[in-house]
Amino acid sequence: MMVKQMGFVFNVDLCFGCMACEIACRNENQTDSTVRWRKVSRLTDDSFLSVSCNHCNSPECFRVCPENAFTKRGDGIVQINSDLCIGCGLCIEACPYGAPQYDPLTQKASKCQMCYPRQDKGLPPACVESCSTEALTFVDLNIFCDKKMVGTIPGFPDTRLTNPSIAFYPAIERNRYFLKSSNK
Amino acid sequence: MENTFFVPDYLHDLLVASEKGLKGICVELASLLSFPVILTDPLFNQLATAKLVHEVEINYVDNQYREITGDKPAIVSCQLTSDGVQKKGICSAIILDGRLRGYLFVQIDEVSDETITRIHSIIAYASSLCSLELRKRLELKQERQQFKEAFIYDLLYGNMKQKDEIISYGNIWGWDFTQSHTIIVFSLVDFDYYSEDQKHIDSLFFLIERVLIESNLKPIAMKKRGEVIVIYQMLGEEIDKNQNVIKEFIQRVMTQAKMMNMNTRIATGIGRESTNPEELYKSYQEAKVAYEVGLLLNIHTPFFNGLGLERILYKHDLQDVKEYYDHTLGNLEKFDQDHGGELMHTLEFYAANHYDVTKTADALFLHRNTLRYRLKKIEEILDKKLDDMNVRLNITAAFKIKQLRKI
Amino acid sequence: MEIYRHACPRNCFSTCGMLSYIEDGKLMKISGDAKHGYNQGRLCAKGYAYTQYVYNPYRLKHPIRQTPRGSGNWKRISWEEAYDTIADKILELNERYGSNLASGYNKFSGNIGLLHYAVEGMFNSIGPHTKPIGNPCLITGERAMRKSFGQMNSIMPEKMAEMNAVVIWGANPAVTNVHQMKFILQARQKGAKLIVIDPIFTRTAATADIYIQINPGTDGWLALGVAKLLIESESYNQEFVHNQTVNWEEFHQYVNEQVDLHEVCSKTGISFDVICELVSIYSIPKPCATWIGFGTQRNENGGQNISAINTLALLGCHSGKGNRSVYYSHNGIDDFPVNLLNHAGPEHPTVQYSREININNFAENASKLVDPPLKFLWIALRNPLSQDQDFQAWESLMKELELIVTVDLFMTKSAELSDIVLPAASHFEEMDLNVSYWHHWLSVNEKAIPPYYEAKSDLQIARELMKKLNDRSPGFSNFPSERKPIDWIREELTPSVKKLYSIESIDDLLECPRLRTEEVTKSSSSSFKFRLFSQGNKGTFTNSFNRGKSDVEESYPFQLLTPQSLLKIHSQYEALPWLNQGAEQDVVELSEYAAEKNGILEGDKVELFNQYGKIAAIARISRFLPQKVVLVNQAGKNPINRLIVQKPQKNKGKSSMNFYDSSVNIRKWCENDG
């Protein structure tokens with residue numbers, strides 16, 4: 001077995017917030033309406049961010065779980081074993097990215113598992129497949145590297161604690177000409 | 001069918017003997033030929049021998065071996081020394097996947113060229129058997145190595161939930177997980193994938209293994225992107241002593257790393273000792289926190305155990321921590337900005353010197369009265385009494401937040 | 001798991017190929033069809049939510065009837081009973097008035113599959129009746145395109161990926177045509193510039209390399225200004241304009257004499273430097289896509305705006321290539337016989353034609369009908385009480401009607417005011433054939449699951465209802481009820497269609513969607529001469545928003561723009577929880593100026609009002625809106641179109657609805673007047 005660290009790569013410049021990834025995730029996993037494994041949000045600079053579980057190198061969820069319900073697969077995917085989860089919510093509190101979600105139906109925490117059943121069949125995660133501009137991709141971060149890639153972007157939570165397996169391409173600058181009568 | 005296919009008994013015997021590995025092949029070949037047989041690696045280190053009366057040294061092999069083209073070995077002559085006497089020999093290279101993996105030597109003393117010709121093909125056959133055997137060993141080694149990495153990974157991420165399972169797996173490599181262990185992380189600061197850093201990690205890993213072996217420990221270590229993780233077996237039970245053992249170990253690693261000009265790039269962090277191998281993953285996470293905090297606070301060998309308030313402040317919600325800082329020191333910071341003062345600096349030294357006026361004055365090269373005047377000013381601005389324990393606690397904590405670069 | 005092939009039938013540019021995954025007759029999940037060259041295996045958020053659309057607790061299961069109308073006192077009835085009631089009414093009206101002119105329908109684009117023309121086919125089959133004509137959406141622009149270029153077709157939109165620049169005028173593909181974005185961004189990654197011109201700082205605008213904010217409805221001014229500068233700098237293909245256009249001299253003179261750049265700047269609100277930046281884009285002699293959004297023609301100047309932009313595109317980039325890279329819409333359906341739409345009904349001894357009324361003023365015009373008045377209305381594939389204008393006219397029309405039947409999947413605002421509501425099938429429950437009004441792909445839509453409870457397709461309803469009529473009164477309808485969906489589809493695949501799409505039979509489409517052959521037009525050698533912008537008989541532009549201080553202007557100083565939102569198409573998808581997270585209340589976006597002027601803070605409950613009514617909404621203050629623009633998305637619990645009332649159009653169905661020529665005022669909400 002080769003130890004991998006599969007991780008998402010998010011290109012801010014190519015995302016326009018269409019939400020396909022978020023709903024494709026729901027379509028694939030048929031999650032409850034209140035459970036959002038992946039979330040698209042608008043940042044203050046009017047760019048978008050799509051975030052799910054980042055399958056961290058040092059997952060906080062996993063450190064705080066009293067039932068030791070989390071595991072990290074050899075490919076880096078952090079999984080929660082719902083048989084062991086007692087729904088205490090500590091992981092939900094601890095995660096800086098809001099990845100674990102409380103499922104009111106099962107009364108347990110659940111989260112993105114990077115579509116490992118799809119990956120095991122050689123398919124990309126549903127969110128990655130759905131991204132029409134390839135703003136969201138996934139790679140083995142242990143071996144993939146690109147000089148233009150950065151570890152974080154403004155608006156993304158502090159990465160120091162958990163060392164998330166996500167990398168970014170930042171937005172390219174743009175020219176915007178607003179009406180003088182408009183406020184900006 | 002017109003041909004009769006005849007397999008000579010000796011071939012069959014050689015094949016059966018190969019079940020017993022290189023040694024088996026050696027012994028069988030030696031008994032077939034009645035000559036001593038020696039198997040070596042490419043550097044002539046002996047792997048197996050048979051029928052040797054004295055120690056044998058390999059002196060010289062005919063040059064043509066340097067150019068190996070196919071998998072089919074040729075037989076060449078060579079010179080050996082046995083008990084100080086030069087002897088003649090013949091030799092076949094052992095070739096695997098086009099690479100030289102070793103040699104098969106037969107010490108023949110004085111025999112006719114005719115005899116030599118007659119035994120050529122059996123030697124070539126034996127050498128092929130040896131190469132198959134070496135392939136098996138190589139694969140096994142690679143497999144075990146990968147398996148080992150997976151096992152360490154599972155330990156570091158708490159993927160194995162059964163203590164017994166961990167202990168029995170550990171036994172495969174001679175690791176004793178009934179003993180307590182501590183995780184030590186070594187990391188290259190500002191690791192850059194597109195540089196020699198990848199090689200530096202390899203060297204670091206190699207030297208850590210060596211240091212561990214020198215300390216009579218079976219190395220349990222693994223490389224990850226930018227870091228080497230060591231699962232360090234603790235022999236004693238007293239924490240203080242154990243900490244010294246770890247400090248010494250890290251010192252030895254750093255000394256060696258210095259010879260390779262890497263020491264300034266390496267930072268470390270140490271988790272808490274754990275007697276339960278299922279919970280080693282906690283020690284790993286702690287080691288990484290200690291590493292981060294150590295970097296921020298300039299602690300040389302940061303033990304998670306040794307971190308106090310920092311541990312809490314590091315993890316606490318950023319916004320909340322910021323508010324706390326502003327609440328405690330905000331007014332003073334603003335005053336300094338507006339008036340270009342140095343009161344923050346003064347207070348920081350005062351806190352660092354345990355709120356001791358004399359020590360602080362010395363550290364700041366100030367007259368004590370000047371310092372007293374400044375402290376009074378600070379009390380006015382903050383509207384707090386600096387001799388109050390609670391105020392002091394808040395101020396100390398606020399400066400720690402500043403140091404932790406959260407502000 | 002079984003997999004079926006579908007085409008998304010929504011009124012959307014993309015008409016995506018999709019696959020359904022079926023287990024035990026149940027739709028488990030959806031994916032994009034990787035064999036569809038336009039959406040390339042992806043869907044939009046709405047597409048991925050279809051499981052919630054099909055199995056939605058609010059979906060209509062059975063035919064229902066309410067008495068009295070609007071009471072909410074619904075009772076489940078059988079299909080038989082529904083058909084009987086409807087047949088009774090049609091036959092009785094026929095007897096009362098001697099023709100079927102008292103019976104009519106209002107139908108539009110809820111499902112743009114070809115077999116949904118069953119509604120028209122059904123009414124055609126009973127002879128002359130009352131029918132809507134025209135198109136609220138895009139016809140103004142279509143006419144302007146035909147006038148400039150003689151035809152509609154552009155090169156396939158996938159080719160935008162190869163352009164040197166993409167200039168988007170008033171379209172917002174990031175919301176309404178998600179799959180086009182990848183081609184645009186591919187071009188960008190190869191170094192092309194994306195320029196977006198829009199009064200609203202849309203999501204598309206946010207991705208643009210250059211965003212130019214413009215006063216609403218003044219796109220034509222900008223285009224003429226840029227054209228003038230191109231001509232002055234001689235950055236255009238002179239041979240082309242002399243030989244291939246009908247009115248170069250006239251246009252040249254017009255631009256010279258009447259287009260004043262100071263005026264352009266003041267009308268559009270764009271500074272001269274920025275206009276020059278656009279000039280430099282259009283001066284580069286490399287392929288440039290010009291995409292004209294429907295938004296530019298939702299106002300009185302619509303046709304003129306588009307004509308001016310067309311002219312700029314003809315001059316710009318030294319193109320001399322006609323309209324091949326000017327994008328507006330694609331008339332894929334023109335290749336097909338559309339047999340249901342064009343079904344010829346029986347002749348009537350005295351009434352020669354059906355009675356046609358402009359769909360844009362349907363309610364108002366229908367109420368005025370006499371001899372006979374309209375008495376029976378069939379509403380299908382549309383929710384006029386959310387997406388049409390002038391709700392008051394609708395409410396008064398409905399009072400005059402004796403029977404209103406609505407076919408829908410959900411209880412819409414219009415269904416709430418009907419007598420009988422019939423449950424419609426989703427596209428997973430019926431067969432269909434789909435072309436796009438944007439890309440050039442043809443798809444077949446398979447039936448994958450049994451109908452949800454008693455739901456039926458529009459075609460199935462037409463077949464059964466017409467059979468019922470004929471049982472009651474033999475020969476009343478000539479609808480071929482025995483013809484199955486697949487038969488209708490086969491009839492659409494004429495020899496010329498098969499050749500155009502390189503198919504032998506429907507089986508090829510079941511294998512994968514097919515691309516229309518790109519016809520080779522040599523416009524440089526063709527005899528067609530392009531028409532450049534001309535003043536027309538209206539004189540110059542009228543600008544409804546600088547038209548002087550009328551009373552209306554004083555009382556309702558804000559222009560109301562009402563585009564589609566990302567996760568809905570009008571009121572479709574409103575009932576899907578995945579797509580309606582935390583969207584409890586309708587939202588109005590207003591400028592900081594408007595907020596300040598009216599003492600409104602972010603999150604305040606406000607009231608939007610004009611002479612036609614008022615609606616409540618939560619205020620969102622936008623840094624980027626023009627001062628005098630107020631923005632509310634389509635649909636919602638209290639549809640914004642209540643405040644939109646347009647003057648009757650005189651040109652029978654030849655222009656789109658000028659939805660954006662609406663003015664409102666805004667104030668803080670007071671509980672006691674609510």
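User: How much area do chain A and chain C bury between them?

Analyst: Buried area is the accessible area (1.4 Å probe) that two parts lose on being put together, summed over both. Here chain A and chain C bury about 3900 Å², with 52% of it on carbon and sulfur atoms. Keep in mind that this is a predicted model, where local features need pLDDT of at least 70, side-chain atom pairs count only at pLDDT 80 or more, and totals for chains, interfaces and linings use all residues. Residues are numbered from 1 along each chain as its sequence is written, chains are lettered from A in the order in which they are written, and side-chain values use heavy atoms, with hydrogens and water left out.

User: How many residues are in contact?

Analyst: Contact means heavy atoms within 4.5 Å. By that rule, 40 residues of chain A touch 52 residues of chain C.

User: What about salt bridges: how many are there between chain A and chain C?

Analyst: You look for a side-chain nitrogen of Lys or Arg within 4 Å of a carboxyl oxygen of Asp or Glu. The count between these chains is four. One of them pairs R623(C) with D46(A), at 3.0 Å from N to O.

User: Which element supplies the largest share of chain A's side?

Analyst: Helices (H or I, at least four residues) and strands (E, at least two) are DSSP runs, numbered from the N terminus. The largest share, six residues, comes from α1(A).

User: And which strand of chain C is joined to β10(A)?

Analyst: Two strands pair if DSSP finds at least two bridges between them. Three bridges join β10(A) to β10 of chain C (residues 210-213), and the strands run parallel. Within this pairing, R176(A) stands opposite Y211(C).
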